[in-house]
Amino acid sequence: MARNWPFQTVLVANRGEIAVRVLRTVQTLGLKGAVVYHAADRNAPAVRMADHAVEITGSTPVAAYLDGAQILAAAKAVGAGAIHPGYGFLSENAGFCRAVEADGLVFIGPTPEQIELMGDKVRARTFVEKAGFPVAPSAIEDDDPSTFVERARQVGTPLLIKPSAGGGGKGMRIVRDLSVLETEIERARSEGQRYFGDGRLYVERYIENPRHIEVQVLGDSHGNVVHVFERECSVQRRFQKIVEETPSPALTWELRNRICETAAGIARSAGYRNAGTVEFIFGQGGEFYFLEMNTRLQVEHPVTEETTGKDLVHEQLRIAGGEELGFAQTDISSQGHAIEFRIYAEDPGRGYTPTTGPILTLHPPTGEGVRWDSGVVQGGEVTAAFDPMIAKLIVRGSDRSDAIARADLALAQTVLLGCKTNTAFLRRLIAHPAFVAGDVHTGFLDANPQIAADPELPPETLHALLAAASLSTRPMRDAADAVPDLHAAIGEWRN
Amino acid sequence: MHHAFKLGDAEHNVELARARATYRLHVGDARIDVDLKTAPDGRAWLTLGERHVEVVIATRGDEVFVHLDGEAYALRYEHPLDRLAAKAGGGANDQIRAPMPGSIVNVAVAAGAAVTKGQTLLVMESMKMETTLVAPRDGVVAAVRFEKGQTFERDAVLLDLESGSPA
């Protein structure tokens, strides 16, 4: 069915798996897809897939993808009428959004004012609190810098110090003992200064063993807002998500309804336009507080797509095209259970340090209910230039235990040789009784370091590996072929 | 002849010999008849005595990557000559190598500078966290290989250290 789009070509200002993901929907809808790419990504799947690919440069590969002026020029060069920013990079950059709109192109996202409001944690929190939604006890430095330390004390321990301009866990510090409060504040300030060019801080009560539950929302430019249910993202390492699922195993039907309606209410108060995610911190007692709102497509959006049948990129494009949502809250339902696994090039046994290397062999998993969103191909190379997430495995099952069973099979089927990944670790994680019971929290992996540790190999596994390696190593095979084994030779005579 | 593979931090000595139509692997006290039949796509059948297992193998230089029972492993063939050289000694501390991939945040010393054990040489960033690399011993900085802002892979030589007095 041909629709009248206000744009015919969409440029994706991103890379890796999300560029592929966005292009897939763009092209399925009969639109042309363009990408920008740094030379380091020359052979990436998104570049091969796009109708137009424009090379961009920068002092580092990441800098190229952050260069809004260059990307906008590329969009105009290929006649793109809209820019999809993906996640990360320029997706929550109000200045870029304004520049795109000033040049008459459509930014597939919220308004710049909404980006600014939700991008500043302090403003966002104040906004949510004033709108009557729950926020955790806190102290904001900007309210009165001279009394900040004292007000931080009043918040009570344990508390969390965060940079006001932050994100992704950078610069965050937990304080359990008030005697180190001032030292930790200074550390957080210097990290905030360095990462975000902004040393302002805020402090909030730290919820012990909390869950991270977030809600997908969609808002159009006509004032309609719906939620598309929640995702639980409690399994994290270094404040970054590894496994995300929906529905959350922590929620009763009543709580689920309440947290989802709260999210929709927050988005509605902001007049929110685009796909967005309202994140909550969820305590063991069922209490939940607003954490932040991400004004973009989320890495973990596929689990929502798999259980609701909604293509969120399609919805983003329709909203950006000025259409109404065209469905009501009651038209959205969620079926079954979906889990996403972030496949990272990293070594969990060495503190999750990133790994690099060539992708010599890649056999993605296949099968019923298995989705593989990837930005790498066999023959490619994982370098230190970008984030170590190289792919996402999403599995869907009729219920949670069915999804876990499929996930174990799919992870075992995933063959990626040449660069160490976390797939074996993920299998150990989902076999853990606490995960099976759905009883996890954001500190779960820190509290259970044995999951990340490389297990000792049983002798039969070690022997199989040494046999495979020996028989694949030329000097060993040649040496063996040159000198027949005497015992074997004797054995042959006897026969 | 003795050969060895490194798997994780452990080194394993092995010997391989011909045995009738197949091979015999000597590892520790075990003697196992082994064979490997490989298809063009890298999938292979490994035979160990009576056991047959499907594996996927990829090689690159001295590295052998094996996917076995749903998990991937990396082994590195240790050349007999290199092992001899390593045993003979040689300044393991002369090169400061990157413990993980990342980028340089700050270079605290210049070539020719005398440093004492524990002194900060470089500050690097990886995984959104800073790591400080310190001098493993007293010495003199022979060369700083990277500048602030440059990125590097794991095991890259970041700085050379030599003994002696400052230039």
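Two residues are taken to be in contact if their C-beta atoms, placed from the backbone, lie within 7 Å. Among such contacts in chain B between residues at least 6 apart in sequence, 40% join residues at least 24 apart. The structure is a predicted model, in which local features need pLDDT of at least 70 and side-chain atom pairs count only at pLDDT 80 or more, while totals for chains, interfaces and linings use all residues. Residues are numbered from 1 along each chain as its sequence is written, and chains are lettered from A and ligands numbered from 1 in the order in which they are written.

Chain B holds one helix and 16 strands, these being DSSP runs (helices H or I, at least four residues; strands E, at least two) numbered from the N terminus. Its division into domain 1 (3–85) and domain 2 (95–162) follows an automatic or database domain assignment, and the C-alpha centres of these two domains of chain B lie 36 Å apart. Of the 167 residues in chain B, 27% are buried, that is, have 20 or more other C-beta atoms within 10 Å of their own C-beta, placed from the backbone.

Chain A is divided into domain 1 (9–108), domain 2 (137–205), domain 3 (211–451) and domain 4 (459–494).

Conventions:
A residue is buried if 20 or more other C-beta atoms lie within 10 Å of its own, exposed if 12 or fewer, and partly exposed in between; C-beta atoms are placed from the backbone.
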